[in-house]
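Work through the two exercises below with the structure open. Each task is followed by its solution in steps.

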Amino acid sequence: MEPLLEVKDLRIGFKTYMGKLKVLNGVNLTVHQGEKVGIIGESGCGKTTTMRAILRILATNAVIDGGDIQFRGNDVLKMDKKELTEMRRKSITMIFQDPTAALNPVFKVGDLLADVIKFSGSHDSGKHSKKELREKSIEALKEVALPDPERVLDSYPFQLSGGMRQRICIAMSLSTAKDLLIADEPTTNLDVTIQDQVLRLMKNLVEKKNLSVILISHALGTVSGTVDTVYVMYAGNMIEAAETKELFSNPLHPYTKGLLKSVPKLTGAGFSEGIRGRIADYINPPQGCRFHPRCDSAFEICRKENPQFLEVDANNHKVACWLYSKR
Amino acid sequence: MEKNEDLLIVENLTKHFKTSFGVVRAVDEINFKVKPGETFGLVGESGSGKSTTGYVIMGIYTPTSGKIIFKDKDVSVHAKRRPKYLKRDMAIVFQDPASSLNPARTVKDIVETPLRVHGLAKNRDELDKRVAELLEAVELPPKDFMHRRPRDLGGGERQAVAIARAIATNPSFIVLDEPTSALDVSIQAKIMKVLMRLQRELNLSYLFITHDLSLMRNVSSRVAIMYLAKIVEFAPTAVFFQNPLHPYTQMLLSSVPVLTDEEEQLKPKEVTSRGEVPSAINPPPGCRFHTRCPFANEICKTKEPTFVMVEPDHYVACHLMSK
């Protein structure tokens, strides 16, 4: 089956006064219809940049150096303005990390929701009466389990709590039919008990509507319970991908191993050493594999050449590491 | 006052803030004790009053009522009115190292300030030597870091500088206010290692404030759970994770995202998260958790529960336990 979204060898840099930041260094990602994909990685590894590239909402100083993004067989990087608008309205939707910044503070929730529904074009006529819009908005809020939707519609975003704001963002992105939902750290700003509620809600809605999802997070636990496939990113590279269970029980890349060990466990096993050093500098990234200065098993070739992202076994477990390449 | 073994005693501590919306009850009559050399964990969600508790203990806020006794001295006043030798004995590490370090100063300036204020070095040479020692202690090579400024450092390195500053005066007690929540996991592990080694070497007591239960499990010896300005459950850490009793504690534990099956088994199954934290201006009457509690009945809505000892050292404030 043809994948819904396919990102191949994507390279993106940013022009700054200090020089060019070479951020994405060959990102590969495949999402099938109805599949839930998670991307994990530490801050600054390029997770959000990849997602912004898919929607073509990168900052103006970004330069696309190469690669290919195919959505339903269309080349996203070559789309014109009209096609892009069409895609953003009808096919791909995104939930951002900070709901406070994502909601315009000078409009009431009702107006924000009505706009999304009005412009999504999922209704044949394209014209709605105010009453219709309001009904649809209420329906959308009910779907995300917000109590008292009538009152919420007439509130400004700042009058609501963080959990409620994030639910509104979810309602906005799911109120109309879409194919792909990109959730960029949707629960990072929320408390654990609220995070649990929001994740469960998102999972249910997505399964009900048979959407594909890309869930981005730096918290490994939030990803493990929600998605089918997990990708691991490090310094602008996709370094490992596998089915969720497989990845967490049998990590291959030294970085993934270190990352998994660093997570404190509820069972109280103590702490690992963490991973020494810090994330690579993007202006002068290390030659070869970008992880080699922090890697304990690095050898000659790691310093010279970037390993390819290849399948290592029959379970579709992919890894970009010289330890597993036949060379 | 009679001598006792506790380093810090907090008695009926209350802190209210007056705002234009009404009085915010940030901390309401809480009690706990910290022993020398132990890590006491304070867990709660945002707005539960855990950071305010830490700040009041440090004298950043004046308590509204209640007592703070540190080394048998009553210090329930603002830091300005505390004797200097006691202030030297307490330190705090804040959550966000980016805003707790002065961006205009070098690492050396930042770390030597407490030494200068308390007159702990006789001359320049001694001062330099001590700063180097402190940076060494937090695993930052002094030569590379002395003359850099916070903006040139990574998040973990910044927090290490904040820790070096905190231990500069040789305190016996440190408030750690979510010291790793702004850091990535691999960096968090490293900072926690440093903190635990320092605790052993310098015999420090920690008040460890966090919202992360998995992290708490690995560092503290005793835990207190806070909900809406009140402590609802106390227990030694191991007991607490085996046998959580307060419904809020169970809800909190069941919400923790985990990686392995062993961890999944530790999570209580009966309670799933629902509802939201009510406002601290008008907290619900009776038990403050009754609006979200699946087991709430009539008495919970009217009468505030008191602490019941269920097993040695394990206290719960819940009406379900009193029967």
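**Exercise 1.** Describe how helix α11 (residues 254–262) of chain A packs on helix α8 (residues 185–202) of chain B.

Solution. This is a predicted model, in which local features need pLDDT of at least 70 and side-chain atom pairs count only at pLDDT 80 or more, while totals for chains, interfaces and linings use all residues. Residues are numbered from 1 along each chain as its sequence is written, and chains are lettered from A and ligands numbered from 1 in the order in which they are written.

Step 1. The helices (DSSP runs of H or I, at least four residues, numbered from the N terminus) pack at about 55 degrees with axes 8 Å apart. Axes are lines fitted to C-alpha atoms over the stretch in contact, and angles run from 0 to 180 degrees between N-to-C directions.

Step 2. α11(A) and α8(B) are therefore oblique to each other; angles under 35 degrees count as roughly parallel, over 145 as roughly antiparallel, 65 to 115 as roughly perpendicular and the rest as oblique.

Step 3. From α11(A), G258(A), L259(A) and S262(A) meet V185(B), S186(B), Q188(B) and A189(B) of α8(B). Contact requires C-beta atoms, placed from the backbone, within 7 Å.

**Exercise 2.** Find which element gives the largest share of the side of chain A that touches chain B.

Solution. Step 1. In the contact, 35 residues of chain A face 34 residues of chain B.

Step 2. α8 (192–209), α9 (220–224) and α11 of chain A each supply at least two residues to that side of chain A.

Step 3. The largest share, six residues, belongs to α8(A).

Conventions
Contact = placed C-beta atoms within 7 Å.
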